[in-house]
Amino acid sequence: MTFPPPKTESPAQRFEEATVAARDALERLIAAANEAGWGAEEITAALLKAAQFLSDANKREPDPADDP
């Protein structure tokens, strides 16, 4: 999966660009999950839970690659 690079440096515009790109990626991911037999509601709930997990992990360890 490819993700487009930001087109601006403005934080508000970057957020909007990221939101559109993420929505597009999620729509493709949900369609693929549907084809595999997952329901839209269950996969959407699972994606929300996974996103929260990753957000929490990122708050605890913003960039684990920087660890020695």
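Predicted model: local features only at pLDDT ≥ 70, side-chain atom pairs only at ≥ 80, totals over all residues.
Residues are numbered from 1 along each chain as its sequence is written, and side-chain values use heavy atoms, leaving out hydrogens and water.

**View 1. Helix α1 meets helix α2.** Here α1 (residues 11-35) packs on α2 (residues 40-60) at an angle of about 130°, their axes lying 10 Å apart. The two helices are therefore oblique to each other (not under 35 degrees, over 145, or 65 to 115, on a scale from 0 to 180 degrees between N-to-C directions). Helices are DSSP runs of H or I with at least four residues.

**View 2. Residues joining α1 and α2.** From α1 come Leu26, Leu29, Ile30, Ala33 and Asn34, and from α2 come Ala40, Ile43, Thr44 and Leu47; contact means heavy atoms within 4.5 Å. Seven of these residues are nonpolar, two are polar and none is charged (Ala, Val, Leu, Ile, Met, Phe, Trp, Tyr, Cys and Pro count as nonpolar, Asp, Glu, Lys and Arg as charged, the others as polar).

**View 3. The largest pocket.** Its volume is about 200 Å³, the space filled by probe spheres set on the grid points. A pocket is an open set of points on a 1 Å grid where a 1.4 Å probe fits, with protein on both sides within 12 Å along at least five of seven lines; lining residues have an atom within 4 Å of a point. Helix α2 gives the most to this lining, with seven residues. Leu26 and Thr44 are among the lining residues.
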